[in-house]
Amino acid sequence: MHPLWGILMIAVGLFMLICGLIKSDFIVYRLMTARSKLLWGENVHRFYQIVGAIVIVVGILAGLGIIW
């Protein structure tokens with residue numbers, strides 16, 4: 001079960017990282033950034049890049065069974 005959750009977390013992290021890099025117009029990303037823009041302002045894309053990288057690392061650790 002750990003590899004499944006790890007792969008899922010890595011996929012979500014990649015989504016956030018790539019969308020943050022290209023400042024995507026994908027509807028799901030636009031909904032996420034609309035809420036986050038209230039707090040982060042114009043740095044919202046950088047926020048999602050950093051959070052995406054962190055989620056990828058946690059997903060790798062979870063997939064390997066190191067955490068959880």
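## Nonpolar core

The largest nonpolar core comprises eight residues: M9, M16, C19, Y29, V44, Y48, V55 and A62. Such a core is a set of buried Ala, Val, Leu, Ile, Met, Phe, Trp, Tyr and Cys residues joined through side-chain atoms within 4.5 Å. Helices α1 (2–22) and α3 (44–63) each contribute at least two residues to this core, and the largest share, four residues, comes from α3. In soluble globular proteins, nonpolar side chains tend to be buried together.

V55, one of the core residues, touches M9, G13 and M16 when residues up to four places away in sequence are not counted. Contact here means heavy atoms within 4.5 Å.

## Basis of the model

This is a predicted model, in which local features need pLDDT of at least 70 and side-chain atom pairs count only at pLDDT 80 or more, while totals for chains, interfaces and linings use all residues. Residues are numbered from 1 along each chain as its sequence is written, and side-chain values use heavy atoms, with hydrogens and water left out.

## Aromatic pairs

A search of the whole structure identifies four aromatic pairs. Rings of Phe, Tyr and Trp (its six-membered ring) pair if their centres lie within 6.5 Å; planes under 30 degrees apart count as stacked, over 60 as edge-to-face and the rest as tilted. The pair W40 and F47 is stacked because the ring centres lie 4.6 Å apart and the planes meet at 20°. F47 also pairs with Y48 in an edge-to-face arrangement, with 5.1 Å from centre to centre and 70° between the planes. Y29, W40, F47 and Y48 together form one aromatic cluster.

The accessibility of these residues can be stated with cut-offs of under 20% relative accessible area for buried, over 50% for exposed, and partly exposed in between (1.4 Å probe, protein chains only). W40 is partly exposed at 39% relative accessibility, and F47 is likewise partly exposed at 22%. Y48, with a relative accessible area of 7%, is buried.

## Overall architecture

The chain contains three helices and zero strands, in the order α-α-α along the sequence. Helices (H or I, at least four residues) and strands (E, at least two) are DSSP runs, numbered from the N terminus. The C-alpha trace spans about 35 × 20 × 15 Å along its principal axes.

Of the 68 residues in the chain, 26% are buried. Among contacts between residues at least 6 apart in sequence, 56% join residues at least 24 apart. The chain exposes about 4,800 Å², of which carbon and sulfur atoms supply 74%; accessible areas come from the Shrake-Rupley method with a 1.4 Å probe, and for residues only the protein chains shown count as cover.
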